Amino acid sequence: MRAMLERINDGVCIINQNYQLVTYNHAFMSMLGYTNDEMYSLFIWDFDHTLSEQKVRDTYPSFANTQATFQTVHKRKNNDTYIAQITAAGTNVLGESMVLCIVRDITEQEVLKNSLLEFKSTVDKASDCVFMFDPHSLLFTYVNEGALRHVGYTSDALYKMHPYDIKPEFGREAFTQLIQPLVKHREPSLKFKTIHRHKDGHDINVSINLQLVESELGAAKFIAIVHDITEETKLKSLLESNKEALEKEVENRTRQLVEAKEKAESANMAKSRFLANMSHEIRTPITSILGFSDLLKRESLSPSQQQAIKKISTASEHLLGLLSSVLDMSKIESGTYELKEQTVDVKKLIDEAIILNEERLASKGLQISVELPHVLPTYVGDITALLQGVINYVSNAIKYTDKGGVIVRASIVRQYADKDELRFEVEDTGIGIDASAMEKIFEPFEQADTSFGRKYGGIGIGLSITKKIAALYEGDAGVKSTLGSGSTFWFTCVLKRNNQQKEGDDRALDSESLLTHLHTYCADKNVLVVDDEKFNLALLEQILGDVAQLTVKTASNGQQAIALVQEQSFDMVFMDIQMPIMDGIEATKAIRECVGKDTLPIIALTGNIFLDVNADEFERLFNDVISKPFKVDDLLSKTLTLLTTHSQ
Ligand code: ADP
């Protein structure tokens, strides 16, 4: 018996009612790690980690009837522990109760069991469903909690079922076909969408990722990770069904937008036409007023007559200024303001703004000074626009200042690789502006003083034009002011530095030299003047005939002009653009079919700053342009240049 006990792997021992070992096998001694002598002196509570002496005595007053299998924890001599599974059977031997215990170390088994349980509970909590099934029987072998909820069966029920039992689209055969690529190892995994049928009969849209996984022990299992896509599918089909309605809606909206856009465009065109006509209608009479005044100034008049003429000119220039402001504003707002690229000399620009205001400065007895950096490069920009920006500030400074003076400043506030940010400032010692009005005065038609009895005239668009011009050059405008002691208006603009050296200085000839040149070099020249407006025609005839002493022929529309050009040869044509019967563009197109720009210079006369002609076409037809109203000297200077550079 002893020899056989020694061959058993489990520990075996007999314990007496003193709770001490009577005998044991070698396996048990190794499990506890004590020597033979030590083994015999051990009590149960010395090696059972879970039991105190008291507990042992209370629980086992007698071993005689003990018959149990249980787990406990044993402590080895070196204090290590192991989980022991004990099978105990007690009896009476010669009047003494004893118990035989078979002890098995199940630590490893328990750890494995616990980690499996942990793994299962983790997988159970996963939001996707996990199904495993056997490759041969196709029976489910494991499903997580999510999968049970998904199909509504208990695990016991499900373990008697196959994947195709929950897939209404598949029978066993079709399902077997489906998994062939995995069975034959042709594919590492299969991803597909299908339908699962819940126990209660409703269908669930699912996407499945199916793999055949070989375990290390060689037993292969199919694992399916199933994702419920019911919501997704519903949304998709909802979207699909809405798509058509949406497309129709978009089509409708687009059509409405196109219609609205067309309406806006035609309204805009009507506005542009109105402005063009207004510009033409107003500029034409002003041309006559200014032109004839200019001519009269050349006569020997009495001082009072000179004074009267000067007043006529000043008043009409003011009128023209107003007209230009309103038109500039509309052009900027409609985005049709085209910035020219001209050489901008900041000092000249400021001087010009001051010269144009000289008389008003003198009449108010105001001082004006200019502060500029010592060195300032020239820039590329639109002289008219920038000058307008400065003039608006300078003329306001004079208008709203009764004593003291005005300082005009320009400085570079930031430098970039090839451009500078410039800041223009105009400081005055005038009436200043109330803080509450400062915000709004840069808005069109806003003024600080809105009362009927206001002292200063004006229409309230100068500042907004300056601000808009600044914006065209990536800048801004603003003011610092103290009511009663003065204001400093500023605007900034980013201008490209001008790297090209100016080709010669376009030094203008004075009136006298202009006339001498014209009389000397152009005495025998024939010119044709075409204009429908008889005062303007008379004005041009007088300037070009009487003053410049050229031979002048006139025509009052395009058709007459063409006929005259065909009849006789001219050295130059002055062509008004807007005319009845045939306008200047049509007429010039016809003339250009026979005579090129080099042979016959044609200069366009226009009072319409909204010319509806593209720039290339204009360039192809005309040698130069004079806008109405013009200064007599400007007209004469252009005439001299064209006649002397195109003399046949
Ligand atoms: P306008 O001068 O024609 O009324 P602006 O747009 O040039 O129009 O100016 C708007 C308003 O800003 C003016 O009506 C005036 O109240 C105020 N303003 C402009 N410049 C000055 C200034 N230098 N000093 C005081 N107030 C000014």
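1. Let's start with the open sheet: five strands run in the order β7-β6-β10-β9-β8, with antiparallel pairing. (Strands are DSSP E runs of at least two residues and helices H or I runs of at least four, numbered from the N terminus; two strands pair if DSSP finds at least two bridges between them.) At the edges sit β7 (140-143) and β8 (190-197), each pairing on one side only.

2. A word on the basis: this is a predicted model, in which local features need pLDDT of at least 70 and side-chain atom pairs count only at pLDDT 80 or more, while totals for chains, interfaces and linings use all residues. Residues are numbered from 1 along each chain as its sequence is written, and side-chain values use heavy atoms, with hydrogens and water left out.

3. Do have a look at β8 and β9 (residues 203-214), an antiparallel pair joined over eight bridges. Within β9, L210 is the bridge partner of L190.

4. Now to the ligand, which 20 residues surround (a heavy atom within 4 Å). The closest are N396, D428, Q447, A448 and L463.

5. Which elements each supply at least two residues of this shell? They are α14 (383-399), α16 (462-472) and β17 (486-497). The largest share, three residues, comes from α14.

6. Finally, the contacts with oxygen atoms of the ligand. An N or O atom in the side chain of Y400 is 2.9 Å from one such atom. Backbone N or O atoms also take part: G460 at 3.0 Å and G462 at 3.1 Å. Taken alone the ligand exposes 520 Å² (Shrake-Rupley method, 1.4 Å probe), and the protein buries 95% of that.

Note on methods. Polar contact = N/O pair within 3.5 Å; in protein donor to acceptor, adjacent residues only side chain to side chain.
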